[in-house]
Amino acid sequence: MNGGTGRLLARDAVVGYLWVTPALLLLGSLVAYPFLLALYWSLTTKTAGIPGVFVGLDNYVYLLGSPTFRQTLANTFVFTASSVAAKLVLGMAAALVLDQTFRGRNLARGVFLLPWIVPTSLSALAWLWIYDDFFGVISRVAIDVGLRREPIPFLSDSILAMFAVVLVNVWRGVSFFTVSFLAGMQAVGQELYEAAETDGAGAARRFWHVTLPGLRPILAVATLFSVVWTFSDFTIVYIITRGGPANSTHLLATLAYQTAIFGGKVGEGLAISSFMFPLLVLVIFLQLHFLRRAQS
Amino acid sequence: MPKSVRRVALLSLILLALVALPGPMEAQQPRLGITISAWFIPAANDLFKQMVAEWAKQKNVTVDVELVSEGDLTPKFTTAAETGAGPDIIQVASLGPHLFPDKLVDVSDLVPALESKYGPIAQIAKDAVVVRGKWRAMPFYATPQVLTYREDILKEIGEPVPDTWEDALRVGKKLKAKGVAWGEALGHCPVDCITTVYSILWAHGAKEVEKDGRTIALNSPETAKALDFIKRAAAEAWPAGVVGWDNSSNNRAFLGGQLGMTVNAATIWFASKKQAPAISASINHAPIPRGPAARAIPFWPTSLAVFAHSKQQALAKDLVRHLTDGPQMARWLDSTEGAGAGLLAGLGKLEKARDPKLAVVLKAIEWGRLPGWPGPPTRESAEVHAKYVLVDMAQNVVKGTPIPQAIEQTVTEMKRIYGQR
Amino acid sequence: MAVRRGGPTRRVLVLWVPLVLLMAFTLFPFWWMLMTSIKPDTELYDAKQSPLWVKAATGAHYRDLFTQLPFLTWVGNSLLVSGTATLLSLAIGTLAGYSLARLKFRGATTLGTIIFVAYLVPTTMLFLPLAFVVRWLGLYNTPWALIATYPTFLVPFCSWFLMGYFKTIPREIEECAIIDGCSRAQALWRIVLPLATPGILSAGIFAFTFSWNEFIYALTFVQSPSYKTIPVGVVGQLSTGDVLFWGKLMAAAVLGSVPIALIYSALSGHFAAGLTTGAVKG
């Protein structure tokens, strides 16, 4: 049997390399190369249309000393942490609800996906109006019902503005967790549930001991992706607050864009974007670390 | 494999094949791309496409006219200048030509013919496009901003149209009591928010830099006075949320009857005809208020530029010539129904008579200044403008930062941008 | 002793109340978008009117979308670009995901990490240098510019998503087949893929909506109106400076999303069927 396994493993290796190649080719040419180019530009004083001078880490040093950048860094972490946490919890709750059998379930699942499907630029515009001082639905209802006398300053109060953009991000992104969990729940064997029930486990214990462990791989991957997306989110803040008021909602992506494209400082803007990369790597690494610890 | 998935896979293979097949030889004719900012008047967009088509037919050329939103024009411009991936001709806002003059084709030779027929081009438009003696773009038009107000409401409170900013504040307080406030945008938006801050600063005599364009001159009593005015206006007259307003907030609020006075392009009046006909008749325009030092407004001339990366430079230049020529400009401006102002002195005799309410729109050009005033337009002033540095200063003051501190923070930021310690 | 299942009250608490809350949270902006899309302009801009109800519904905004704008063209482009990019990415991602989940070969973990790390490079950083590459490849201003660049963020996603999904499928099934003489390719095609259909469909739907939604690359790499996709075309022509055509924008939002939701509802059946059967017990 040994020779057979050996051959199997060798064949596996060939197949493995072969099947991973298309992905690597694509990413090498269309991601790695432009990325290295961008990294190089971030080490220069490049401004739009004008080649820059190589200045090493000057841009990075400048950014670390800039209060706007430091605030943006803080904003990005707050935004990501609160949004991902909310999406995970709500997504799980929604998956538990939508996993049950009821008439109209397929329709409900489809409806639930709508926020994810609508082009972000369009739904962000809708939320812009929803948050509006004069026409916004939420303020109107609050005033009509008597909760408030003035419109809720979603877009002009620093803290509310952050809440506002986080809410939109959560509204959009819950479906991702839900769909992932639903797909994963299908894979958890029915017999495990039956065994747990006969053992006398109630719904909560079934969830904790059967569902959650079964969902762990999907949960890990989903959270990982959500962190990446949320950390690099651009459209929502760009359309609703443009980083204001007073830079309290600027994220790394929006600040980078404003700096490079509108400010013309391509080198500096790319340096801001480049910050995202190691930070993300760090966050992901920490997540995986905790995951492995939890597993063992 | 489920049947449906197989079918989908097959369909897509077919689609792929169709896409991959070489299209019918459209490469027979030379092909040009032109990108402009979409007008809110659909008829104006259609007219523009038509004018382009007339030229294209004559020359046997295909032209793709791309309409983008105002906010997306700058990214397109920057990306195209940077990577060479972009249209042949692009509409450039304000100081654009100063950002990368070498990436734009020299169009100086188009100017003499135009000026000899239709008179001189407005000085401010010249300043925006002439870099080191060469014309890097052809001035196209401008949408000057004016004080838009409700005649009926002003009559009700017994006030004349304000002429100075302090008048405006006095009137604004009364308007606020009536629930139809005076409001000016102070958020991170490219047009209205910049106008609010720069106009008030200049009106009080403040300036970013000296005439040399490099010495930072923001820290002055004039700046403090201007900021004090903004602080008072925000506290006593403007609605609470102005710090979060974008370009369209004051439009919406005005049309919805919540705002009675605001500085804006003539877009509000125009939109009111369809969207708020009840108040349309009582909307009128006046010059932007003045301050102790001046009446001034940041100006937005747009121009048409040809990229150096264009493979059809001669044709592109000719299209630009055609579009900025007298007859076309007149037709174009007519289609904007007066919201757009021409930049050629002699254009008046070609245009249709404007609604008298729009007369002040044309006059507004004389009060226009480019960011960086009194210095020349530079890359640094464009960056200060794009990063909302001065707007942030005003925002901080409104939110409670003491004025001297706000000014100091801003000067530090500006020094960074200007590369000084 | 039989486990107490609880009667209708429990069902209301555990199902209907959360469901209604969920739907309300999801749908209220859509309700607003829908109302706005059928509201005439005069009602829209009258601050005294309720934002959540419409008095004189009109189909004008929808009609204008098709008559004043090349909306249909944009829909076609979005479908073409999103569909093709999704299929490409699923194919590449399935192969890569399966290799990383199942096959042991040197450097597998490293390659997996590389693929994922590529995903961490933000598009707001990449789009500028990528524009160079796109132009150099001659793809600028063609649908292929998008079809070729979208997989850069779809493939890492599909690979990792499917990798996680493949791992939940017990190995024994394929191992049996391989010992019986199947090649890996055959095992993948005949055994694993049918079992992994829910995962592949999920990945596909996500990939499709990412492409559908994508803005920056579509704005940067395409210039001709006839090649534009929905987000860029709609926002470009309907949000002009300080006047936004809310009615039409929301009509576009509704039209741009409902079809996909319907597709998902239809495909949702594939999720319900199948996995929880004897195949898993093997």
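B:Arg132 is exposed, with a relative accessible area of 68%; exposed denotes over 50% relative accessible area, buried under 20%, and partly exposed the range in between (1.4 Å probe, protein chains only). The backbone of B:Arg132 has a positive phi of about 50 degrees, although the residue is not a glycine. B:Arg132 belongs to the loop between β4 (130-131) and β5 (134-135) of chain B, where helices (H or I, at least four residues) and strands (E, at least two) are DSSP runs numbered from the N terminus. The model is predicted: local features need pLDDT of at least 70 and side-chain atom pairs count only at pLDDT 80 or more, while totals for chains, interfaces and linings use all residues. Residues are numbered from 1 along each chain as its sequence is written, chains are lettered from A and ligands numbered from 1 in the order in which they are written, and side-chain values use heavy atoms, with hydrogens and water left out.

A positive phi is also present in chain A. A:Arg242, not a glycine, has a phi of about 55 degrees. This residue is placed in the loop between α10 (235-240) and α11 (252-262) of chain A. With a relative accessible area of 21%, A:Arg242 is partly exposed. A further backbone feature concerns chain B, in which B:Trp373 and B:Pro374 are joined by a cis peptide bond with omega of about 5 degrees. B:Pro374 lies in the loop between β13 (368-369) and α17 (379-386).

Chain B contains 19 helices and 13 strands. Its radius of gyration, taken over C-alpha atoms, is 24 Å, close to the 22 Å that the globule rule gives for 421 residues, so chain B is as compact as a globular protein of that length; the rule is 2.2 Å times the number of residues to the power 0.38. The C-alpha trace of chain B spans about 65 × 60 × 55 Å along its principal axes. Buried residues amount to 64% of the 421 in this chain. Among contacts in chain B with a separation of 6 or more, 77% involve residues 24 or more positions apart, a contact being heavy atoms within 4.5 Å. The accessible surface of chain B is about 15400 Å², and carbon and sulfur atoms hold 56% of it; areas come from the Shrake-Rupley method with a 1.4 Å probe, and for residues only the protein chains shown count as cover. The 48 positive and 42 negative charges of chain B have mean positions 3 Å apart. Lys and Arg count as positive and Asp and Glu as negative, with His and the chain ends not counted, and each charge is placed at NZ of Lys, CZ of Arg, CG of Asp or CD of Glu.

One disulfide is present over all chains, a disulfide being a pair of cysteine sulfur atoms within 2.5 Å. The bond is formed by B:Cys189 and B:Cys193, with their sulfur atoms 1.9 Å apart. The torsion about this S-S bond is about 100 degrees, so the disulfide is right-handed. Both B:Cys189 and B:Cys193 are buried. Elsewhere in chain B, B:Thr410 is located in helix α19 (residues 403-417). B:Thr410 is buried, at 5% relative accessibility. Not counting residues up to four places away in sequence, B:Thr410 touches B:Leu218, B:Val389, B:Leu390 and B:Met393.

Chain A comprises twelve helices and zero strands. Its C-alpha trace spans about 65 × 65 × 30 Å along the principal axes. Of the 296 residues of chain A, 60% are buried. Residues 24 or more positions apart make up 68% of the contacts in chain A with a separation of 6 or more. Chain A exposes about 11700 Å², with 68% supplied by carbon and sulfur atoms. The mean positions of its 19 positive and 14 negative charges lie 5 Å apart.

In chain C, helix α13 (residues 230-238) has nine of its nine residues buried, so the helix is largely enclosed by the rest of the structure. Among these buried residues are C:Ile230, C:Pro231, C:Gln237 and C:Leu238. C:Phe153 is situated in helix α8 (residues 151-167) of chain C. At 12% relative accessibility, C:Phe153 is buried. With residues up to four places away in sequence not counted, C:Phe153 touches C:Tyr119, C:Thr123, C:Phe210, C:Glu214 and C:Tyr217. C:Cys158 is buried, with a relative accessible area of 0%.
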